[in-house]
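Hi,

Here is the structure I promised to send over. Have a look at it first, and then read on for what turned up.

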Amino acid sequence: LIYLLLISLSGQQPRVVPIQERKADFLLQPPPLSPRPTVVEKRTEESRGSISALKLVPPRRPYPGKAGIMLKVQANHFKVTFHPGENIYQYDVDINPKISSKGMARMLERQLIEIYGSELNGKLPVYDGSKSMYTHGPLPFQHREFVVTLAEDRGTSGREKKFTVTIRHVSTLNRNNLEDFLKGRPVPTPQEHLQALDVLLREHPALHFTSVSRSFFKKELGSAPLEGGLVAINGFYQSLRPTHNGLQLNVDLSTTAFHASIPVIDFLKKQFKNFDPRYRLTDVVRLKVKRALSRLKVQVIHRQTPRRYRISGLSTGPTKDLKFPMEGGEEMRVVDYFKATYNCVIEYPELPCLQVQANKASYLPMEVCVICDGQKYGGKLNDRQTKNLRDLACVLPRVRESKILSIMNKDDGPGR
(Lines give C-alpha, C1' and ligand atoms only; values in the text may rest on other atoms or scores of the structure.)
Protein backbone atom coordinates (compact mmCIF):
# COMPACT_ATOMS: atom_id res chain seq x y z
CA LEU A 1 0.00 0.00 0.00
CA ILE A 2 0.99 3.61 -0.61
CA TYR A 3 0.72 5.80 2.49
CA LEU A 4 0.33 9.58 2.73
CA LEU A 5 1.60 11.65 5.66
CA LEU A 6 -1.13 14.11 6.77
CA ILE A 7 -0.35 16.88 9.27
CA SER A 8 -3.41 18.28 11.05
CA LEU A 9 -3.78 22.05 11.35
CA SER A 10 -5.38 21.63 14.79
CA GLY A 11 -2.12 20.69 16.44
CA GLN A 12 -2.72 16.93 16.69
CA GLN A 13 0.06 14.49 16.06
CA PRO A 14 0.63 13.52 12.44
CA ARG A 15 -0.74 10.17 11.39
CA VAL A 16 -0.13 7.87 8.46
CA VAL A 17 -3.29 7.17 6.50
CA PRO A 18 -3.62 4.62 3.70
CA ILE A 19 -4.31 6.34 0.43
CA GLN A 20 -7.59 4.41 0.02
CA GLU A 21 -9.05 6.25 3.07
CA ARG A 22 -8.59 9.73 1.55
CA LYS A 23 -11.50 11.55 0.04
CA ALA A 24 -11.67 12.01 -3.71
CA ASP A 25 -11.04 15.75 -3.30
CA PHE A 26 -7.43 15.00 -2.39
CA LEU A 27 -6.75 12.99 -5.49
CA LEU A 28 -4.90 14.75 -8.30
CA GLN A 29 -5.50 13.65 -11.86
CA PRO A 30 -2.29 12.70 -13.68
CA PRO A 31 -1.33 14.97 -16.61
CA PRO A 32 -2.25 13.71 -20.06
CA LEU A 33 0.40 11.62 -21.65
CA SER A 34 2.28 13.40 -24.42
CA PRO A 35 3.34 11.45 -27.46
CA ARG A 36 6.73 9.91 -27.05
CA PRO A 37 9.52 11.42 -29.15
CA THR A 38 10.34 9.57 -32.31
CA VAL A 39 13.67 7.81 -32.42
CA VAL A 40 15.24 7.97 -35.86
CA GLU A 41 18.02 5.64 -36.82
CA LYS A 42 20.67 7.49 -38.79
CA ARG A 43 23.36 5.34 -40.36
CA THR A 44 26.51 7.10 -41.53
CA GLU A 45 29.50 5.82 -43.47
CA GLU A 46 31.52 5.69 -40.26
CA SER A 47 28.81 3.76 -38.43
CA ARG A 48 28.29 1.04 -41.02
CA GLY A 49 29.06 -2.30 -39.50
CA SER A 50 28.71 -0.91 -35.97
CA ILE A 51 25.92 0.33 -33.73
CA SER A 52 23.90 2.97 -35.61
CA ALA A 53 23.64 6.45 -34.19
CA LEU A 54 20.25 7.26 -32.65
CA LYS A 55 18.88 10.81 -32.58
CA LEU A 56 15.73 12.26 -31.11
CA VAL A 57 13.41 14.36 -33.22
CA PRO A 58 10.42 16.42 -31.99
CA PRO A 59 7.16 14.44 -31.79
CA ARG A 60 4.37 15.21 -34.23
CA ARG A 61 1.23 16.93 -32.98
CA PRO A 62 -1.33 14.12 -32.35
CA TYR A 63 -4.48 16.07 -33.29
CA PRO A 64 -5.58 19.71 -33.63
CA GLY A 65 -7.59 21.37 -30.88
CA LYS A 66 -11.39 21.74 -31.28
CA ALA A 67 -12.50 23.69 -28.20
CA GLY A 68 -12.78 27.48 -28.10
CA ILE A 69 -13.00 30.07 -30.87
CA MET A 70 -10.67 29.98 -33.86
CA LEU A 71 -8.66 33.19 -34.27
CA LYS A 72 -6.20 34.31 -36.90
CA VAL A 73 -2.94 35.69 -35.50
CA GLN A 74 -0.66 37.81 -37.65
CA ALA A 75 2.97 36.80 -37.03
CA ASN A 76 6.20 38.45 -38.15
CA HIS A 77 7.37 35.27 -39.88
CA PHE A 78 7.96 34.96 -43.62
CA LYS A 79 8.04 31.65 -45.44
CA VAL A 80 11.39 30.82 -47.02
CA THR A 81 11.30 28.85 -50.25
CA PHE A 82 14.50 27.01 -51.01
CA HIS A 83 15.27 24.35 -53.60
CA PRO A 84 18.39 22.45 -52.51
CA GLY A 85 19.55 21.47 -56.00
CA GLU A 86 23.23 20.66 -55.47
CA ASN A 87 25.00 19.96 -52.21
CA ILE A 88 26.21 22.86 -50.07
CA TYR A 89 29.99 23.03 -49.69
CA GLN A 90 31.60 24.60 -46.63
CA TYR A 91 35.06 26.18 -46.79
CA ASP A 92 37.38 27.50 -44.12
CA VAL A 93 38.76 31.01 -44.75
CA ASP A 94 42.04 32.22 -43.28
CA ILE A 95 43.23 35.81 -43.85
CA ASN A 96 46.83 36.85 -43.28
CA PRO A 97 47.58 39.36 -41.83
CA LYS A 98 44.62 39.01 -39.51
CA ILE A 99 41.61 41.32 -39.78
CA SER A 100 39.50 42.01 -36.69
CA SER A 101 36.69 43.84 -38.53
CA LYS A 102 34.02 41.66 -40.17
CA GLY A 103 33.14 44.55 -42.47
CA MET A 104 36.74 44.73 -43.69
CA ALA A 105 36.82 40.95 -44.14
CA ARG A 106 33.65 41.06 -46.25
CA MET A 107 35.17 43.80 -48.43
CA LEU A 108 38.20 41.58 -48.94
CA GLU A 109 35.96 38.65 -49.94
CA ARG A 110 34.08 40.79 -52.49
CA GLN A 111 37.39 42.02 -53.91
CA LEU A 112 38.56 38.40 -54.22
CA ILE A 113 35.40 37.43 -56.15
CA GLU A 114 35.82 40.43 -58.45
CA ILE A 115 39.45 39.59 -59.24
CA TYR A 116 39.36 35.78 -59.30
CA GLY A 117 35.72 35.19 -60.32
CA SER A 118 36.70 33.19 -63.40
CA GLU A 119 38.76 30.81 -61.21
CA LEU A 120 35.84 30.09 -58.86
CA ASN A 121 33.93 28.11 -61.49
CA GLY A 122 31.25 30.81 -61.71
CA LYS A 123 30.25 30.35 -58.06
CA LEU A 124 29.19 33.26 -55.84
CA PRO A 125 30.19 32.30 -52.29
CA VAL A 126 28.53 33.68 -49.17
CA TYR A 127 30.77 34.61 -46.26
CA ASP A 128 30.08 35.18 -42.56
CA GLY A 129 32.96 37.66 -42.17
CA SER A 130 34.92 35.28 -39.96
CA LYS A 131 35.96 31.72 -40.85
CA SER A 132 33.14 30.12 -42.84
CA MET A 133 32.31 30.37 -46.54
CA TYR A 134 29.59 28.43 -48.36
CA THR A 135 28.93 27.68 -52.03
CA HIS A 136 26.06 25.96 -53.88
CA GLY A 137 28.12 23.33 -55.61
CA PRO A 138 31.88 22.75 -55.37
CA LEU A 139 34.73 25.12 -56.16
CA PRO A 140 37.32 23.73 -58.61
CA PHE A 141 39.89 23.16 -55.85
CA GLN A 142 40.23 21.69 -52.36
CA HIS A 143 42.81 24.16 -51.07
CA ARG A 144 44.15 27.37 -52.56
CA GLU A 145 45.76 30.68 -51.65
CA PHE A 146 44.82 34.03 -53.21
CA VAL A 147 46.65 37.36 -52.95
CA VAL A 148 44.26 40.31 -52.72
CA THR A 149 45.21 43.99 -52.59
CA LEU A 150 42.81 46.21 -50.71
CA ALA A 151 42.88 49.90 -49.85
CA GLU A 152 43.14 50.43 -46.09
CA ASP A 153 40.41 52.12 -44.06
CA ARG A 154 37.64 51.27 -46.55
CA GLY A 155 39.35 52.97 -49.42
CA THR A 156 39.69 56.42 -47.83
CA SER A 157 43.43 56.64 -47.23
CA GLY A 158 44.81 55.84 -50.67
CA ARG A 159 47.14 53.24 -49.12
CA GLU A 160 47.00 49.66 -50.32
CA LYS A 161 47.80 46.52 -48.39
CA LYS A 162 48.26 42.94 -49.57
CA PHE A 163 46.44 40.06 -47.92
CA THR A 164 46.80 36.32 -48.40
CA VAL A 165 43.42 34.58 -48.35
CA THR A 166 43.51 30.79 -47.92
CA ILE A 167 40.36 28.86 -48.81
CA ARG A 168 40.16 25.19 -47.77
CA HIS A 169 37.27 22.73 -48.19
CA VAL A 170 36.15 21.29 -44.84
CA SER A 171 32.78 19.58 -45.36
CA THR A 172 29.98 18.77 -47.80
CA LEU A 173 26.39 19.17 -46.64
CA ASN A 174 24.21 16.52 -48.29
CA ARG A 175 21.15 18.05 -49.96
CA ASN A 176 19.04 14.97 -49.13
CA ASN A 177 19.10 15.80 -45.42
CA LEU A 178 17.68 19.25 -46.10
CA GLU A 179 15.13 17.94 -48.62
CA ASP A 180 13.79 15.40 -46.12
CA PHE A 181 13.45 18.11 -43.49
CA LEU A 182 11.68 20.54 -45.85
CA LYS A 183 9.23 17.78 -46.87
CA GLY A 184 8.23 17.31 -43.23
CA ARG A 185 9.73 13.87 -42.74
CA PRO A 186 10.66 12.87 -39.17
CA VAL A 187 14.38 13.53 -39.43
CA PRO A 188 16.79 15.43 -37.17
CA THR A 189 16.96 19.19 -37.81
CA PRO A 190 19.90 19.79 -40.20
CA GLN A 191 21.59 22.50 -38.13
CA GLU A 192 24.61 22.83 -40.42
CA HIS A 193 22.37 23.43 -43.42
CA LEU A 194 20.36 26.04 -41.51
CA GLN A 195 23.55 27.81 -40.50
CA ALA A 196 24.62 28.00 -44.15
CA LEU A 197 21.20 29.36 -45.20
CA ASP A 198 21.31 31.90 -42.36
CA VAL A 199 24.66 33.19 -43.65
CA LEU A 200 23.11 33.37 -47.14
CA LEU A 201 20.15 35.45 -45.93
CA ARG A 202 22.45 37.83 -44.02
CA GLU A 203 24.80 38.39 -46.96
CA HIS A 204 22.73 41.08 -48.71
CA PRO A 205 21.73 43.19 -45.67
CA ALA A 206 25.32 43.09 -44.37
CA LEU A 207 26.43 45.02 -47.47
CA HIS A 208 24.01 47.91 -46.91
CA PHE A 209 23.41 48.17 -43.15
CA THR A 210 25.50 48.53 -40.00
CA SER A 211 25.63 45.01 -38.59
CA VAL A 212 25.51 44.45 -34.82
CA SER A 213 25.21 40.82 -33.72
CA ARG A 214 22.08 39.49 -35.50
CA SER A 215 20.60 42.96 -36.20
CA PHE A 216 21.07 45.56 -38.93
CA PHE A 217 20.73 49.31 -38.45
CA LYS A 218 20.39 52.37 -40.68
CA LYS A 219 19.42 55.98 -39.93
CA GLU A 220 16.89 55.99 -42.76
CA LEU A 221 14.74 53.61 -40.69
CA GLY A 222 14.46 56.21 -37.92
CA SER A 223 16.74 57.89 -35.38
CA ALA A 224 16.57 60.17 -32.35
CA PRO A 225 19.34 62.12 -30.58
CA LEU A 226 20.31 61.08 -27.07
CA GLU A 227 22.22 63.28 -24.66
CA GLY A 228 25.93 62.69 -24.19
CA GLY A 229 26.84 62.59 -27.88
CA LEU A 230 24.78 59.48 -28.59
CA VAL A 231 22.02 58.72 -31.07
CA ALA A 232 19.34 56.00 -31.10
CA ILE A 233 18.98 54.27 -34.48
CA ASN A 234 16.29 51.89 -35.70
CA GLY A 235 17.01 48.64 -37.46
CA PHE A 236 15.72 45.11 -37.74
CA TYR A 237 16.53 41.67 -36.38
CA GLN A 238 16.32 38.54 -38.51
CA SER A 239 16.65 34.86 -37.73
CA LEU A 240 15.98 31.71 -39.73
CA ARG A 241 13.68 29.35 -37.82
CA PRO A 242 12.70 25.73 -38.56
CA THR A 243 8.95 25.20 -38.05
CA HIS A 244 6.37 22.51 -38.79
CA ASN A 245 5.47 24.58 -41.87
CA GLY A 246 9.03 24.61 -43.17
CA LEU A 247 11.63 27.36 -42.91
CA GLN A 248 10.46 30.75 -41.65
CA LEU A 249 12.39 34.02 -41.48
CA ASN A 250 11.59 35.88 -38.27
CA VAL A 251 11.95 39.66 -38.76
CA ASP A 252 11.38 42.20 -36.00
CA LEU A 253 12.27 45.81 -35.28
CA SER A 254 15.34 46.65 -33.24
CA THR A 255 16.70 49.86 -31.72
CA THR A 256 20.04 50.57 -30.06
CA ALA A 257 22.36 53.45 -29.15
CA PHE A 258 25.32 54.51 -31.30
CA HIS A 259 28.00 57.15 -31.00
CA ALA A 260 27.01 60.21 -33.02
CA SER A 261 29.36 61.10 -35.88
CA ILE A 262 30.50 64.47 -34.47
CA PRO A 263 33.89 66.14 -33.79
CA VAL A 264 35.73 64.70 -30.82
CA ILE A 265 35.72 68.02 -28.95
CA ASP A 266 31.94 68.38 -29.43
CA PHE A 267 31.52 64.84 -28.12
CA LEU A 268 33.50 65.67 -24.97
CA LYS A 269 31.43 68.81 -24.42
CA LYS A 270 28.28 66.67 -24.49
CA GLN A 271 29.82 64.01 -22.26
CA PHE A 272 31.17 66.32 -19.55
CA LYS A 273 29.19 69.32 -18.37
CA ASN A 274 32.11 71.61 -17.45
CA PHE A 275 34.51 70.55 -20.21
CA ASP A 276 36.38 73.57 -21.63
CA PRO A 277 38.91 72.82 -24.39
CA ARG A 278 40.80 76.07 -23.74
CA TYR A 279 42.29 74.79 -20.48
CA ARG A 280 44.59 71.93 -19.55
CA LEU A 281 42.88 68.83 -18.19
CA THR A 282 43.31 67.79 -14.58
CA ASP A 283 44.41 64.23 -13.88
CA VAL A 284 40.88 63.24 -12.86
CA VAL A 285 39.25 64.74 -15.97
CA ARG A 286 41.98 63.33 -18.20
CA LEU A 287 41.21 59.82 -16.92
CA LYS A 288 37.49 60.30 -17.61
CA VAL A 289 38.22 61.59 -21.13
CA LYS A 290 40.49 58.63 -21.80
CA ARG A 291 37.77 56.18 -20.76
CA ALA A 292 35.11 57.93 -22.86
CA LEU A 293 37.27 57.83 -26.00
CA SER A 294 38.85 54.41 -25.51
CA ARG A 295 38.75 52.17 -28.62
CA LEU A 296 36.63 54.59 -30.65
CA LYS A 297 37.37 55.00 -34.36
CA VAL A 298 37.99 58.52 -35.63
CA GLN A 299 38.52 60.04 -39.05
CA VAL A 300 40.88 62.95 -39.67
CA ILE A 301 39.66 66.02 -41.57
CA HIS A 302 42.89 67.99 -42.05
CA ARG A 303 44.03 66.19 -45.21
CA GLN A 304 42.59 65.63 -48.67
CA THR A 305 42.60 61.85 -48.28
CA PRO A 306 40.94 61.27 -44.90
CA ARG A 307 42.06 58.26 -42.95
CA ARG A 308 40.56 56.29 -40.07
CA TYR A 309 42.27 55.40 -36.82
CA ARG A 310 41.37 53.66 -33.57
CA ILE A 311 42.09 55.56 -30.35
CA SER A 312 44.39 53.67 -28.00
CA GLY A 313 45.03 56.41 -25.42
CA LEU A 314 45.99 60.04 -24.76
CA SER A 315 49.33 61.81 -24.69
CA THR A 316 50.70 62.50 -21.22
CA GLY A 317 51.29 66.19 -21.96
CA PRO A 318 49.38 68.92 -23.83
CA THR A 319 49.63 69.26 -27.61
CA LYS A 320 51.83 72.36 -27.43
CA ASP A 321 54.60 70.41 -25.62
CA LEU A 322 54.64 67.36 -27.90
CA LYS A 323 57.59 66.85 -30.26
CA PHE A 324 58.65 64.10 -32.64
CA PRO A 325 62.01 63.34 -34.34
CA MET A 326 62.56 64.32 -38.00
CA GLU A 327 64.69 62.46 -40.55
CA GLY A 328 67.71 64.68 -39.93
CA GLY A 329 67.65 63.95 -36.20
CA GLU A 330 66.06 67.24 -35.22
CA GLU A 331 62.82 67.45 -33.27
CA MET A 332 59.70 69.30 -34.39
CA ARG A 333 56.67 70.36 -32.41
CA VAL A 334 53.29 68.88 -33.39
CA VAL A 335 51.66 72.34 -33.65
CA ASP A 336 54.46 73.56 -35.96
CA TYR A 337 54.18 70.44 -38.12
CA PHE A 338 50.43 70.88 -38.70
CA LYS A 339 50.93 74.55 -39.54
CA ALA A 340 53.78 73.92 -41.98
CA THR A 341 52.36 70.78 -43.62
CA TYR A 342 48.59 71.33 -43.66
CA ASN A 343 48.29 75.06 -42.92
CA CYS A 344 46.26 74.02 -39.88
CA VAL A 345 46.45 76.18 -36.76
CA ILE A 346 45.84 74.22 -33.55
CA GLU A 347 43.25 76.23 -31.59
CA TYR A 348 43.36 74.16 -28.40
CA PRO A 349 47.04 73.47 -27.67
CA GLU A 350 46.34 72.78 -23.98
CA LEU A 351 44.41 69.58 -24.75
CA PRO A 352 46.26 66.26 -25.00
CA CYS A 353 46.57 64.53 -28.35
CA LEU A 354 44.88 61.26 -29.27
CA GLN A 355 47.26 58.32 -29.39
CA VAL A 356 46.23 56.20 -32.37
CA GLN A 357 48.91 53.48 -32.38
CA ALA A 358 49.56 51.35 -29.34
CA ASN A 359 53.02 50.10 -30.34
CA LYS A 360 54.59 53.52 -31.02
CA ALA A 361 54.01 57.22 -30.33
CA SER A 362 51.64 58.49 -33.02
CA TYR A 363 49.53 61.47 -32.02
CA LEU A 364 46.65 63.45 -33.53
CA PRO A 365 45.22 66.73 -32.15
CA MET A 366 41.60 66.24 -31.01
CA GLU A 367 40.28 69.10 -33.12
CA VAL A 368 41.20 67.41 -36.43
CA CYS A 369 39.31 64.19 -35.57
CA VAL A 370 35.65 63.23 -36.06
CA ILE A 371 34.05 60.13 -34.54
CA CYS A 372 33.28 57.57 -37.25
CA ASP A 373 29.70 56.58 -37.97
CA GLY A 374 28.23 53.17 -37.10
CA GLN A 375 29.88 52.53 -33.71
CA LYS A 376 27.56 50.94 -31.16
CA TYR A 377 27.63 52.42 -27.66
CA GLY A 378 28.67 49.75 -25.18
CA GLY A 379 28.03 51.59 -21.92
CA LYS A 380 24.95 51.86 -19.73
CA LEU A 381 22.36 54.49 -20.61
CA ASN A 382 21.03 56.85 -17.95
CA ASP A 383 17.29 57.24 -17.26
CA ARG A 384 16.72 60.08 -19.75
CA GLN A 385 18.65 58.33 -22.50
CA THR A 386 16.71 55.11 -21.86
CA LYS A 387 13.39 56.98 -22.05
CA ASN A 388 14.27 58.64 -25.35
CA LEU A 389 15.40 55.32 -26.80
CA ARG A 390 12.16 53.63 -25.72
CA ASP A 391 10.09 56.44 -27.22
CA LEU A 392 11.68 55.66 -30.58
CA ALA A 393 11.48 51.88 -30.21
CA CYS A 394 7.94 51.43 -28.84
CA VAL A 395 5.29 51.65 -31.58
CA LEU A 396 1.74 50.34 -32.03
CA PRO A 397 1.36 46.83 -33.50
CA ARG A 398 -0.07 48.13 -36.80
CA VAL A 399 2.87 50.57 -37.12
CA ARG A 400 5.31 47.77 -36.34
CA GLU A 401 3.72 45.56 -39.00
CA SER A 402 3.89 48.36 -41.57
CA LYS A 403 7.57 49.02 -40.83
CA ILE A 404 8.48 45.33 -41.03
CA LEU A 405 6.72 44.94 -44.39
CA SER A 406 8.48 48.08 -45.64
CA ILE A 407 11.86 46.65 -44.62
CA MET A 408 11.11 43.35 -46.37
CA ASN A 409 10.18 45.16 -49.59
CA LYS A 410 13.25 47.40 -49.71
CA ASP A 411 15.87 46.71 -52.37
CA ASP A 412 18.51 46.31 -49.66
CA GLY A 413 16.26 44.40 -47.24
CA PRO A 414 16.24 40.70 -46.35
CA GLY A 415 13.34 39.96 -48.73
CA ARG A 416 15.44 40.67 -51.81
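Predicted model: local features only at pLDDT ≥ 70, side-chain atom pairs only at ≥ 80, totals over all residues.

For the chain as a whole, buried residues make up 38% of the 416 residues. The secondary structure comes to nine helices and 23 strands. As for how the chain folds back on itself, take the contacts between residues at least 6 apart in sequence: 60% of them join residues at least 24 apart.

Back to β15, then. What does it pair with? One partner is β14 (residues 230-243), which runs antiparallel to β15 over 14 bridges. The two form a hairpin with two residues between them, and Leu230 stands opposite His259 in β15. Strand β5 (residues 77-79) also pairs with β15 in the antiparallel sense, over three bridges. There, Phe78 sits opposite Leu249 in β15.

β15 (246-259) turns up again when you look at helix α5, as part of what covers that helix's buried residues. Those buried residues are Val264, Ile265, Phe267 and Leu268, in a helix that spans residues 264-271. They cover an arc of only 155° around the axis, which puts them on the same side of α5. Besides β15, the cover includes α6 (283-293), β16 (297-300), β21 (352-355) and β23 (369-371).

Now for the other part I'd like you to look at, the open sheet. Five strands make it up, in the order β7-β8-β6-β10-β9, with antiparallel pairing. β7 (126-127) and β9 (143-151) are at the edges with a single partner strand each, so one side of each has no neighbour in the sheet. Further in, β6 and β8 (residues 132-136) run antiparallel and are joined by five bridges; Asp92 stands opposite Ser132 in β8.

Which residues line it? They are Val93, Ile95, Ala105, Leu108, Glu109, Leu112, Tyr127, Met133 and Val165. The elements that give two or more residues to this lining are β6 (88-96) and α1 (102-116), and α1 gives the most, with four. By type, the lining divides into eight nonpolar residues, no polar ones and one charged.

A few backbone details are worth checking on your screen too. The peptide bond from Asn96 to Pro97 is cis, with omega near 0°, and Pro97 lies in the loop between β6 and α1. Asn121 has a positive phi of about 60° although it is not a glycine; look for Asn121 in the loop between α1 and β7. Asn343 is another non-glycine with a positive phi, about 55°, and it belongs to the loop between α7 (334-342) and β21. Is Asn343 buried or exposed? Its relative accessibility is 59%, so Asn343 counts as exposed.

Cheers

Notes:
Residues numbered from 1 in each chain as written. Heavy atoms only, no water. 1 Å grid on protein atoms, 1.4 Å probe; cavity = no way out; pocket = protein on both sides within 12 Å on 5 of 7 lines; lining within 4 Å. Nonpolar A, V, L, I, M, F, W, Y, C, P; charged D, E, K, R; others polar. Buried < 20%, exposed > 50% of the residue type's maximum accessible area, 1.4 Å probe, protein only. Arc of directions from axis to C-beta. Contact = heavy atoms within 4.5 Å. Pairing = 2+ DSSP bridges.
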